[in-house]
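The entries follow in the order of the look-ups.

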Amino acid sequence: MTALKRHRRLEAIWASEKGFRGWFSTVSHSDLGRMFLFTSFFYFGVAGILAMLIRAQLATPHSAWASEEVYAQLFTMHGTIMMFLFAIPAIEGMAVYLIPKMLGTRDLAYPRLTAYGFWCYAFGGAMMLSSLALGLAPDGGWFMYPPLSGGIHAPGINTDFWLIGITFVEISAICAAVELCVSILKYRAPGMSLDKMPIFAWYILVTALMILTGFPPLILGSILLELERAFGLPFFQADLGGDSLLWQHLFWLFGHPEVYIIFLPAAGILSTVIPVMARTTLLGYGWIVASIVALAFLSFGLWVHHMFTTGIPHMGVAFFSAASTLVAVPTAVQVFAWIGTMWKGRPDLRLPMLHILGFFFTFVIGGLTGVMVAIVPFDWQVHDTAFITAHLHYVLFGGFVFPILAGVYYWLPLVTGCRRFFKLGESAFVLTFLGFHGTFLAMHVLGLLGQRRRIHTYDADAGWTAINLIASIASFIMAIGLALALIDIIIHLFVAVRGKRSPWGAGTLEWATMSPPPSYNFASLPHITSREPYSDTPTLPSDLARGTGYLGDPQGDRRETLMVDIASGRPEALAVYPSNTTLPIRMAAVTGVFFLSLLLKVYWLTPFAVIAVAAFAVRWAWSLGATRDAGPQLIGRDMQVPLAIETEKPPGWWGSAFLLVANATFFGSLLFGYAFLWSIAPGWPPPEWLTFSILEVAIGIGAALAAPVLIRVANARVNASRPATPASAATLGTIVLLAVCLVSLILRAPSPTEHAYGATLLVLGSYGLFHAVLTGIMLAFVIVRMRRGYVSAARSGEPAIARLWVDYTAGAGTLCLLVAHVPAWLT
């Protein structure tokens, strides 16, 4: 088969549908990555317009064009859009587009999950944006602190838009995190061991793990606050056993790691682009990987430094202050590695490098002011002033926007296959750089002079007028610069000349594909022996096009790629992807109906939406698998591997494992909240305790202990080619018993509206019950699949996935019962 015939054959297999319908049915990571990026930069523009309105209001004292209510909506939506609808989705989009190309594979692990995540983001973002258009935008700040955001002080629907819309959008982040973790660990080119992965992949892997462990506390907090607003469960009402500080703990358990979730991928861009611009290799690869992991761990121990003024005990303040300064060490390791790389090479001051230099200057200032606010006495003075706003923007704009613009300009020739014609980017950079520093250096001064955050006006005799005017003028200069950059990129897309492959001289795999890349990325998959295979083998693109790598001969209409061993990169299985489908957008739309029913208080619609989501999920899963064993598959180079569905741990097992990491973090945050209210909140002990029931505890825990044993018996019988339906049905029976005990707990708990104790028991019991029902549905699904012939000794993956969920449900159910009953028994 010639290279041209191979290209046409693969393009027919992998291409998205033509025309308008293709946007809604595509599962291609390239299409979805571009869609994520386009949508996120649209929201960046919206948030930028809101920022200009804010600066216009503050340019002069007693400016009257925006009322206090409108101004509160402006700054709330500006922060919310920047953090939730721009920064994280832009990272996801860049990773979704680049990671398979960098890893030498053809797509991500779960293409339909990527599409579902995008449409959840698109619909959730549209929900948030509609609130602004309707004049019902959230107005409690992007952090939404109770009690001001509670039902008593914010009775309208504004806050509900934030709580429900953000939770909807976070589904997208969790989907992308699971997708990226599994893809980076299991879907790489053969031979690409962990120490040969591109450095950008390490950054994305750690970031995805941080999303899985950082976002669940915010999701929990949003659910608890919405339950308080909608049904009167008093989690944050001090007079009923709640505590508004619980929200701050849950929010900043997410919020501070969020800063590093945004920074680390941007740092990954720097670690990728700097060596290329310096025409050398990255200095200290191993040290950088270690610093990434260290930074991720440390970021979860810093959340309290946002709460130094809330009455935290002095010992805790001292600990978190020290930890906040310690985080500078792994950051400095990376900065010095970048400086050393530039010193070792010969930097070429092209446009991506200009943005990188802008990052260095800006981020170092942001880091220094960060160390300043980590010092408690200073933090007490500048807390909630414009100084903190300026610091935040130096860290996020310097640590994210400059690097991502560098990345956009660096990879734009790959996406388009062209080089820039009109050179507006350099002028755009100068205007953006000068405008940014003019704005936020002035805001540092305003903060030191005492100007508070989130004020919509000020007196002329406060001494802030001239500085505010300078900051506002500079902000419009920055906006002009960013608009020029956008125009430059659009011109590049439509008016450009054909460029050469890898115009920067890079050696990583994404440059070894065609430019722009085809829908299948690589005609055959390479065997990797170094970190820069294209540099080592300049003929690699033509070699792969001729089919000399793995999977060079397409088999039927199957979309194929390889799964590998995590550590060594040895080929383990042949993965076959589903084709184009509208199932993800339809399922996302039904998920949107669920959230809309909660927002509009149309609760009769909620169970129908839940049933519809479950039906789509069952249909999604039913389309996978096979009813016959296929046996070993030829993958090229005289190698054979089994199909992925015929391995002990199929793709669904890995996805479930990482999803359960996020699930366990959510549950851990719930237990933390219960312990916090119990030990810190006023109004405890509660006026009424749960009545201890030895029968409920014995039956529930007994069922929870029996379920993992029975599911293992079922798995062993499957592996031995023996009937496993009775053992699986018995497992289902134990899960039903556990569910009955959890229902009994919920019904016997004290009133959830009279004290936070009863409300917490309701949520704990509901969490356990939800997982019992979900696991029961999974077991019933597996039993039906067994009877239909989808399970055999070779195809034992589905019972293995069910075992994961049974084990988790048993553990979570046991903890729910113990946490509820042990205090009641002791009292």
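Predicted model: local features only at pLDDT ≥ 70, side-chain atom pairs only at ≥ 80, totals over all residues.

Residues are numbered from 1 along each chain as its sequence is written, and side-chain values use heavy atoms, with hydrogens and water left out.

Entry: helix packing.
I took helices (H or I, at least four residues) and strands (E, at least two) as DSSP runs numbered from the N terminus. I looked up H6 (residues 158–186) against H19 (residues 583–599): their axes come within 10 Å and cross at roughly 160°. The axes are lines fitted to C-alpha atoms, for helices over the stretch in contact, with angles from 0 to 180 degrees between N-to-C directions. That angle makes H6 roughly antiparallel to H19 (under 35 degrees counts as roughly parallel, over 145 as roughly antiparallel, 65 to 115 as roughly perpendicular and the rest as oblique). By the convention above, the crossing of H6 and H19 is right-handed. Residues of H6 that meet H19 include Phe 161, Ile 164 and Phe 168, and among their counterparts in H19 are Ala 588, Gly 592 and Phe 595 (contact means heavy atoms within 4.5 Å). I also checked Leu 596, which is in helix H19 and is partly exposed at 39% relative accessibility (buried is under 20% relative accessible area, exposed over 50%, partly exposed in between, with a 1.4 Å probe and protein chains only).

Entry: aromatic rings.
I searched the whole structure and got 69 aromatic pairs. Rings of Phe, Tyr and Trp (its six-membered ring) pair if their centres lie within 6.5 Å; planes under 30 degrees apart are stacked, over 60 edge-to-face and the rest tilted. I picked Phe 36 and Phe 118: the centres are 5.2 Å apart and the planes at 80°, so the pair is edge-to-face. It links helix H3 (residues 29–58) to helix H5 (residues 111–133), with the two residues 82 apart in the chain. Both Phe 36 and Phe 118 are buried.
I then took Trp 119 and Phe 123, a tilted pair at 5.9 Å centre to centre and 35° between the planes. They are 4 residues apart in helix H5, so about one helical turn separates them. Trp 119 is buried at 9% relative accessibility, whereas Phe 123 is partly exposed at 29%.

Entry: charges over rings.
I counted a charge as over a ring if NZ of Lys or CZ of Arg is within 6 Å of the ring centre and within 35 degrees of the ring normal. Arg 531 has its charged end over the ring of Tyr 285, 3.5 Å from the centre. Arg 785 lies over the face of Trp 622, 4.8 Å from the ring centre.

Entry: backbone.
Most residues other than glycine have a negative phi, and most peptide bonds are trans. I listed a cis bond between Pro 146 and Pro 147, with omega about 5°; Pro 147 is in the loop between H5 and H6. Another cis bond joins Ser 515 and Pro 516, with omega about 0°. Arg 454 has a positive phi near 65° and is partly exposed, at 32%. Arg 637 has a positive phi near 55°, in the loop between strand E5 (633–636) and strand E6 (639–641).

Terms used. Left-handed = near helix turned anticlockwise from the far one by under 90°.
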